Amino acid sequence: MVANSSHNSMKGLQLFIADLRGSLHAEDREKRIMSEMVSIRKQFGANNNTGNINGHSSSTASLSGYQRKKYIAKLAYIFIVTNTTRISDVMFGLDQCCELMASVVYSEKFIAYMTLELLYNNPSVIQQIGDRVVQQLKIDLASTSDNMVSLALNFLGVTGKCDSNLTRELIHEVFQVLRSPTSAQILKKKSALAFLALLRNDSSILTQDARRKQLWIQRIMSLLDDTTNYRLMISVLPLIEYIAREVDGQACVKIIPQLSDILFNCISAGIKDDGTDHYDDSNYNNIPNPWIVTKVISILNILISSPSSSAGEITFSNIDQGTLGKLRTCVTKAIEIGTRPAVDVLMRTVQNTILFSLINFASKLDPSADAIVSSVNALCSLLTSSETNTRYLTLDCLIKLCSVSGKNARDEVRTHHMDQLFHLLLMERDTSIVRKVVDLLYALTDASNVQSIVNALLKYMTDSKQTHHHIRSDIAVKVAFLTENFATDSRWYVGVLLNLLSFSNASFNSNDIWQRLCQIVVNNESLHQLTCEYLLDYLAKPNISEAIVKAGAFLLGEYVELVITQTSCGELFNLFTEKYFSVSNLCRAMILTTMMKLYKRDSQIGSAVIKFFQLELNSLDVELQTRSYEYLKIIQLEKVSGARLMDVLFQPMVPFTGKRNPLLNRLGSAALSTSNLTSTLSNENSSSTAPTPPPTRKVKQSSQNVLYENQRLSTDWKDGFRRMLKHKQGVFYSTPFLKIFYRLSVSPSHPELLEVALTYVNISDWPITSLLTELISYKTDNDPSYIVNVINVPTTSISVGERATHKLEILTRRGSPIDQSPILNVNFKCGGNVSSVSLKITAAITSTIYSARSEEKSGVSLSQFVQRWRALGDALGKDGEFHRTAVIVAQDTLSHIKSSIDKMSFDIVEQTTVENTIFAAGIVHTKIGGSSGCLMKLRCLENEVDLTCKTTQGSYLAELIIQCVCEATI
Amino acid sequence: MSIKFVICLNKQGVLRLIRVFEPFPGDAASNQSTIAQIYKLISSRDHKHQSNFVEFSDSTKLVYRRYAGLYFVLGVELQDEELIYLSHIHLFVEVLDAFFGNVCELDIVFNFHKAYMILDELIIGGEIQETSKDVILERISYLDRLN
């Protein structure tokens, strides 16, 4: 296809551009631009004068739409070709640009919008014409022509972040386009992204109005209903991603199953290998559409936290088995795709995109050791790629994997892939990749491999010529840190550090390193002698680095005693004098102090020392001058008074107490998070500093409870709730569109585990779509009393008359008040209506009563009951019992209550001895407390019942049981 | 994750296209120096031996690719996954190529407004809007014929 050049071309514009290209010199171009501006200004100026005084020129303006378009386009070109420097020079055209925006001719309107899109991030532009632009946008958004609406939406998508006024004035209009079922697909796509841009600008429109937030978010999610419309999806996913991250992550949790379906279908569709070329939207040259895959993964990454994260966040364990299985399959398939041979570089890129994004996500799914190993191996096979990008990203991905998936991943690399990494380190020419290799090696280091890793890093520093200053510096700090942390041999530690310092020269900042070495040597007496001997060897060499001189000056001065048998003070003095003139002033100052220490040890060198200090009195450096003067004075004073002043002033160094390693400050800048470095220091097992895993939505610990409290239950929720207390199955809730049935079951072996099967039946005349469910527990962290586990979620759409099932399990860990039962939220769309239902599912302690009747055991006799009642009373007294009187409105109180508690699975004592009284027994089960017997005496009066309950586990449990009974019988 | 800006520069550092979704830090005057810095950073890199990704500031990294004499540069957030953006760039170039027929810098110079039209069908709000080359081509040829 060749651009249609005849139709929309603007000859004047083309000439102007050709002229500018033709001018060889910058001055000529400048002149040409200036003369064009003058001419445009003249055209616009004349026009403005004939138009209205307020600048809104009338329709009788002399300038035609075509001319106006041409001049505005020229201004836009000037703005671009001058690298955006001439913004103030084109400001005069803004009024005419607004005029052009109001044109009904598409190509004219387009040029106006395009130009404003270029200029609109400039506050002075917004100030001058912002109001007019908003007015015109309103008109265009309401236009019957899709092309005009599209231009307006496009403008908002581009400039949405520039002016908060746009959000306030126009977000409702944009939302109307987005939600309307009659909008064309292109408008839905543009409006989704325009809405996103406006929301990024100011999301208070949603956050400040809970009801609108719920409604709008539900509408937006329903756009994903058609899980095969990948084209619409591509624009809607970013919007959902933003909502999940910035507005309301909790509201998005319920679409995890749907997103997983999309991902699964997309990846499965992408790897069909039936030999045919099929290009649908899920698919990009026989590879899953990478844009869909990365976006869905990104949202899932926001919604799902790492397995190790604090309770209260959504982790893999909150996801139903079906969904989890699909996600894990996706990871396997991505590895398959990623390791397939690629046709060309581009396909390789796409394959890798999918591979990396799924492997990065896989750690959230609690992967098995095998899965981690195969991820590591898939990645390592890419390290030999000839493509720089691939190597770079593979390393990036490996680093994340090693830090997030922990030991399994690190061990696999340590055992099988170290040589590959060392090889890469020496051969790699891209410094950004070298940095990644260094980061990875750093994360992999432990006591067993520290020597080989440090040696490889040192070899890199000595061999490699072309490395940047900062990477050498980074490696030096890492070597120092690793050596200190993992060395098992102190001689080796000192050797490595001195070796490192010896080639520091100016290539990296070594201050922290030699200082740290000195601290450690001072604090470890066993190292004193050894280090001093090493230092003497180094100092004997010519052109030794200043860091060595500094360490030597300090340590030899301090521990001169230990080397004096090999090297006399005089020799040491000569050694330092020789170094003195080749080092910096800071180092010289240190040497002056060392000389004093040598003099203190051996006053025979006094005359040489005094001579040296006298010479330095003339130093240009004030510090050196002062120091020499002071030291001379001290020597003089001692000689005159005979007092041993030096013994007081130069006492032996005391051990350093600061626990914090100064190197940590610099490691922080090495792209690794420092947050857990302090713990790394104390805990040898966690050898890596974890780079931050993909960011997850932040949920405050306390927020769960607030979330539970904030749910607004549907009216009449209590009917189904009470029914669940008494009956094992029945109607849970019904709306004009949807009827929900339930069935409860417990297994004899685990009565504390209640299985709830919900069936959703579409009783309307239209299909139900966007059916999304969510369960909110009273609390999920801090030792919750029950845990809700979703087994499978219902399908998102139900055709007329059809049904969908939803299964969950409630594990009762211990008794809790019945009003803290989990809340079920169901949202759906039906016949254009958006509905939501919020109900409590009964998690009652009495649900765990497993009736003995079903095992055909004989019931409890009255005498047995009385005997146990007494026994409990004797053992626990008042602590084991709870009493309550409740008002009952029923025709026959006794039979009403009798049938109710019978349905609740209590055993009722068959007796006629005591009138109007029911004796009942049962065993409740909890995960933590085990089984616990309970006995109940219910004395029925007219419209009143007197309940007493005793349990083997005390009165609190008795109170909970009575709560359930009252709730069921009222 | 989203695109902060799209920039197209020629080998001499002259701006050919610019689309800013998230205003550059600083005032309008510093825009120009930001562009100059981007050019300096990218043109100094070795295109055979270095990756197509480079950190630009403490909040932005660049994903770029050179096609003949033109650099196409996307500014994205630091935590974004880089590779997918290379596919963005390539898709854009493919569409330009199909629309103009073997596109060269001059096509973009003389028809910059059409280049923007194409970009608008590909990326708005800092996000990709359409990934099918055929759908985009059909759409822009329709828009191009509108008067």
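Two residues are in contact if their C-beta atoms, placed from the backbone, lie within 7 Å. Among contacts in chain B between residues at least 6 apart in sequence, 49% join residues at least 24 apart.

A word on the source. This is a predicted model, in which local features need pLDDT of at least 70 and side-chain atom pairs count only at pLDDT 80 or more, while totals for chains, interfaces and linings use all residues. Residues are numbered from 1 along each chain as its sequence is written, and chains are lettered from A and ligands numbered from 1 in the order in which they are written.

Chain B contains 5 helices and 7 strands. Here helices (H or I, at least four residues) and strands (E, at least two) are DSSP runs, numbered from the N terminus. Along the sequence, their order in chain B is β-β-α-β-β-β-α-α-α-β-β-α. The radius of gyration of chain B, 15 Å, is close to the 15 Å that the globule rule gives for 147 residues, so chain B is as compact as a globular protein of that length. That radius is taken over C-alpha atoms, and the globule rule is 2.2 Å times the number of residues to the power 0.38. The C-alpha trace of chain B spans about 45 × 35 × 30 Å along its principal axes. Of the 147 residues in this chain, 51% count as buried. A residue is buried if 20 or more other C-beta atoms lie within 10 Å of its own, exposed if 12 or fewer, and partly exposed in between, with C-beta atoms placed from the backbone.

I turn to the interface between the chains. How many residues of chain B are in contact with chain A? There are 53 on chain B, and they meet 62 residues of chain A. Elements of chain B that give two or more residues to this side include β2 (15–20), α1 (28–43) and α5 (133–145). The largest share, 8 residues, comes from α2(B). By class, the chain B side has 24 nonpolar, 18 polar and 11 charged residues. In this scheme Ala, Val, Leu, Ile, Met, Phe, Trp, Tyr, Cys and Pro count as nonpolar, Asp, Glu, Lys and Arg as charged, and the others, Gly among them, as polar.

Next, the domains of chain A. Chain A is divided into domain 1 (703–843) and domain 2 (847–969), with bounds that come from an automatic or database domain assignment. The C-alpha centres of these two domains lie 28 Å apart. Their contact takes 18 residues from domain 1 and 17 residues from domain 2. On the domain 1 side, the elements that give two or more residues are α40 (717–726), β4 (738–747), β5 (750–762) and β8 (803–812) of chain A.

Now the nonpolar core. Of the 322 residues in the largest nonpolar core, A:Val174 and A:Phe195 touch the most other members. Such a core is a set of buried Ala, Val, Leu, Ile, Met, Phe, Trp, Tyr and Cys residues joined through C-beta atoms within 7 Å. The largest share of this core, 11 residues, comes from α2(B). Leaving aside neighbours within four places in sequence, A:Val174 is in contact with residues including A:Leu153, A:Leu156 and A:Phe195.

A:Leu153 and A:Leu156 are also among the buried residues of α9(A). Why is helix α9(A) described as largely enclosed by the rest of the structure? The reason is that 11 of its 14 residues are buried.

What covers the buried residues of α33(A) includes α30 (546–558) and α35 (622–641) of chain A. A:Met590 lies in helix α33 of chain A and is buried, with 21 other C-beta atoms within 10 Å. Not counting residues up to four places away in sequence, A:Met590 touches A:Lys550, A:Ala553 and A:Phe554.

Lastly, is A:Ser62 buried or exposed? A:Ser62 counts as exposed, with 11 C-beta neighbours inside 10 Å. This residue is placed in the loop between α3 (26–50) and α4 (65–81) of chain A.
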